[in-house]
Amino acid sequence: MKSLVHLNALRAFEASARHQSFSAAAAELHVTPAAVGQLVRTLEQWLGAPLFHRGASGKARLAPTDAAERALPDIRAGLARLAVGLERLQEGTRNGPLTVAVSPAFAAKWLLPRIERFQAECPETDVRLDTNLKPVDFAAQQIDIGVRYGAGVWPGLAAEKLMDEEVYPVCSPELLRRQGGPRRPADLAGETLIHDLSMDGPLGFPTWDAWLEQAGIGGVSTRRGMKINNSAAVLQAAIDGHGIALARSVMAHDDVAARRLVRLFPEIVVPSTLAYYVIYRPDMQALPRLDAFRQWLLREAASYRSHLPDA
């Protein structure tokens with residue numbers, strides 16, 4: 001097992017030289033400073049030469065010898081290649097982290113309430129959620145897989161449709177009871193409308209203006225109202241009785257099912273031109289933990305669709 005001892009000793013030496021401290025190296029390697037010092041001494045004994053200049057006290061001055069300085073670039077390169085090799089070995093299993101890019105609202109309203117089922121299926125996979133609305137570079141930011149709302153085209157990425165959706169007005173049961181609520185679509189003219197600004201940029205994103213036009217409703221001003229740039233917060237504002245929100249069905253499904261929200265005018269069906277897609281780098285598709293998560297997402301979406309009223 002000398003090779004393993006020497007590998008650990010090389011890691012201890014490299015970290016000590018980089019940090020110029022046995023204590024800092026110990027913190028990085030999750031061992032004690034005494035253990036780091038012993039590993040370095042073991043390597044020195046095997047080499048028959050010191051690696052650090054030492055003072056009268058016998059303690060390392062944290063200044064590598066000339067020979068050690070010359071060797072450090074090759075040692076660092078070798079350790080880096082070993083790390084890459086271990087990652088390659090890990091790619092053939094479901095073990096390890098899986099970084100998933102989703103919007104904050106999709107995470108809160110759809111993914112997190114269901115993620116426990118994936119963790120039960122694949123306990124060896126550590127899911128790391130990257131929640132943001134900005135475009136991400138999957139390769140540069142080491143994103144494995146994501147779910148995005150759009151038209152289905154993301155350059156350089158494979159995209160599989162996960163779920164279609166429709167949009168409809170929702171409000172809290174309390175608002176209906178307290179104010180009598182809107183009984184006809186035209187009654188929306190007298191209500192506070194809650195606007196979702198989180199996806200203002202993409203062409204075709206559902207807005208109050210678009211919904212009213214498709215529903216054939218005129219005379220309702222959309223210039224005023226509450227404007228929020230997070231879809232989950234839009235629904236929460238409606239749950240709290242602050243007005244009537246134009247909900248995206250995927251986001252609102254669980255709240256409507258639990259009667260935290262009431263769907264208004266269910267006879268008016270306005271499908272969104274956008275949909276949810278699973279996206280990933282084509283060259284990473286065979287990664288077992290990515291494929292396991294992708295397959296799980298598709299099964300969850302199928303289960304979601306089977307519980308829709310018209311399914």
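**Phe293 and Trp296.** I looked up burial here and found Phe293 and Trp296 both buried (under 20% relative accessible area, 1.4 Å probe, protein chains only). I was working on a predicted model, where local features need pLDDT of at least 70, side-chain atom pairs count only at pLDDT 80 or more, and totals for chains, interfaces and linings use all residues. Residues are numbered from 1 along each chain as its sequence is written, and side-chain values use heavy atoms, with hydrogens and water left out.

**Aromatic pairs.** I searched the whole structure and got 11 aromatic pairs (ring centres of Phe, Tyr or the six-membered ring of Trp within 6.5 Å; planes under 30 degrees apart are stacked, over 60 edge-to-face, the rest tilted). Tyr149 and Tyr276 have ring centres 4.8 Å apart and planes at 40°, so I log the pair as tilted. Tyr149 lies in strand E5 (residues 145-150) and Tyr276 in strand E11 (residues 270-280), 127 residues apart; strands are DSSP runs of at least two residues, helices (H or I) of at least four, numbered from the N terminus. Both tyrosines, Tyr149 and Tyr276, are buried. Phe293 and Trp296 have ring centres 5.5 Å apart with planes at 40°, so this pair is tilted. Phe293 and Trp296 sit 3 residues apart in helix H11 (residues 288-306), which means about one helical turn separates them.

**Cluster and charge.** I traced ring pairs joining Phe106, Trp110, Tyr149, Phe205 and Tyr276 into a cluster. I also found the charged end of Arg248 over the Tyr149 ring, 4.0 Å from its centre (CZ of Arg or NZ of Lys within 6 Å of the ring centre and within 35 degrees of the ring normal).

Definitions and conventions
Buried < 20%, exposed > 50% of the residue type's maximum accessible area, 1.4 Å probe, protein only.
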